[in-house]
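Reader: I have not seen this structure before. Please take me through some of it, one question at a time.

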Amino acid sequence: MSRLSGFGLAAAALLMAMMTATASLAAPPPPGAAPVDPEMRTAGMKAAPGLITEASVPCTLADAREIGTGTAADKAPTTIYEIACKEGLGYIIGKETKAGAPLLTYNCLQTAAPMANGKPNSLACILPGNANPAAGMQSIVSQTGRACTVDKARYLGPTPEKQVYEVSCQTGQGFIILAPIAAGGAPEADNCLAYNGTTGAIKCELTTPDQQIASVDTAASSSGKCAAVKSKRYVLSTTDGSDYFEVACDDGKGYMLHVDHTGKLAETIACADAFEIGGGCTLTDARQAQTQQNAVYADLAKKAGFDCAVSKYALFPSTDPTKDVVEMACSNRPDGGVGIFPGHGPAQVYDCLRAQDEGYKCSYTPVEALFPHLNAELKAKNKGGCVVASARPFAHGDDGSDFVEVGCADGGPGWVLVYPAGASSPSELRNCVEVANLAGGCQIATNRKKS
């Protein structure tokens with residue numbers, strides 16, 4: 001990409017500003033914007049069709065102007081144009097006279113941000129069709145099928161094939177928009193709730209999590225099964241634009257709500273039938289505690305190397321009728337576990353952190369009950385100086401291994417314990433630097449400071 005002097009000073013500043021560009025639909029034209037010179041508009045309209053083709057931007061020409069000519073770092077004259085498009089989002093395009101030089105291309109949302117010194121960007125779009133850059137996003141958002149009247153928008157940056165934006169809607173919802181750089185592709189919209197800032201660089205800032213999830217109350221009410229929502233959470237999104245939410249109702253019942261890409265309730269799923277959706281319900285427990293076979297499961301657990309005098313148990317749904325998947329609470333120890341008991345072959349009992357890596361969430365064992373066990377495993381690895389104060393399931397490896405992250409009471413660097421498939425003890429410890437590129441890296445607060 002070319003660097004310019006003159007106009008290029010604004011372009012250089014833009015590279016720093018583009019990541020935080022935010023525009024409101026009510027935003028006025030850039031301060032001091034002068035009326036468009038008719039000759040510059042004529043020159044812009046003449047050049048625009050070729051620029052649109054060369055830049056491969058999705059644009060049906062509506063208006064254009066020539067801004068002026070500067071000099072690139074290689075001394076090649078560069079003329080900069082503003083183009084307004086019927087699709088809504090306009091562009092600033094710079095073309096060098098040097099043969100084969102790449103175009104300098106920004107959209108009007110990128111150039112809406114002020115320069116580093118706080119002054120208006122001299123590359124800000126001023127054509128009437130580009131006066132409100134956020135409004136220019138409406139056409140793109142509408143193509144995703146999402147029900148959203150755009151309120152605000154900001155540009156986040158490019159991927160090799162797409163431009164990434166955040167938009168907020170007048171309803172309070174927010175989306176990450178992935179728009180193809182080349183003409184012809186269809187844009188996509190992801191729920192802002194899928195970007196919580198813990199597993200990647202993208203985080204929504206134009207709306208709050210409370211605003212983003214507020215619409216769930218309406219969906220729950222329309223189900224006819226949940227008159228009042230006690231608690232709610234986002235679960236996952238699918239490639240067709242559907243979102244799944246869990247709600248716990250005041251009457252004690254819980255449901256998984258399938259909301260389609262238009263924001264309408266498509267399906268209400270009882271928690272008892274939702275175990276395969278994002279790990280199932282966590283706000284309510286649809287499984288019924290049982291005691292009839294306490295002795296049977298206690299014996300199976302002991303044979304698997306897990307001494308548990310079973311006081312109650314609950315079965316997880318299993319797609320394999322030849323095995324039982326059972327959460328067990330124990331009267332002889334504070335930490336229960338999840339047993340995988342096949343009709344034939346070896347059994348396995350996972351503690352309640354590893355069980356989450358395997359896809360099963362315990363209801364009877366608080367995470368604190370596992371700390372003594374984890375302390376013993378750290379001590380066996382000569383890391384007894386770390387007294388566990390927090391822990392979480394970290395990841396499940398392709399080879400069947402489980403990873404568990406622990407944080408230390410003294411605030412020092414914690415560890416990730418690696419359990420090979422079928423093993424009851426960790427084979428190794430990894431520090432947070434070593435796992436920085438695995439499953440989003442360490443997330444416990446004291447560990448994130450050290451990684």
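Reader: Which residues touch the most other members of the largest nonpolar core?

Author: The model is a predicted one. Its largest nonpolar core has 23 residues. Strand 17 (337–342), helix 8 (371–380), strand 19 (388–396), strand 20 (402–408) and strand 21 (415–419) each give at least two residues to this core. The members that touch the most others are V338, L374, L378, V406 and L417.

Reader: Is H258 buried or exposed?

Author: H258 is part of strand 13 (residues 254–259). Beyond its neighbours within four places in sequence, H258 is in contact with S242, D243, Y244, K264, L265, A266 and E267. The limit for a buried residue is under 20% relative accessible area. Because its relative accessibility is 13%, H258 counts as buried.

Reader: What distance separates the C-alpha atoms of H258 and F245?

Author: Along the chain, H258 and F245 are 13 residues apart. Their C-alpha atoms are separated by 6.8 Å.

Reader: Which residue takes a positive phi in the hairpin of strand 4 and strand 5?

Author: Strand 4 (residues 77–85) and strand 5 run antiparallel, joined by six bridges. Within that pair, I83 stands opposite Y91 of strand 5. Five residues lie between the two strands of the hairpin, and the one with a positive phi, near 120 degrees, is G88.

Reader: Which residue in strand 6 is the bridge partner of I92?

Author: Strand 5 (residues 91–96) is mostly covered, with five of its six residues buried. Strand 5 also pairs with strand 6 (residues 104–107), in the antiparallel sense and over four bridges. In strand 6, the bridge partner of I92 is Y106.

Notes. Residues numbered from 1 in each chain as written. Predicted model: local features only at pLDDT ≥ 70, side-chain atom pairs only at ≥ 80, totals over all residues. Heavy atoms only, no water. Buried < 20%, exposed > 50% of the residue type's maximum accessible area, 1.4 Å probe, protein only. Pairing = 2+ DSSP bridges. Core = buried A, V, L, I, M, F, W, Y, C linked by side-chain atoms within 4.5 Å. Contact = heavy atoms within 4.5 Å.
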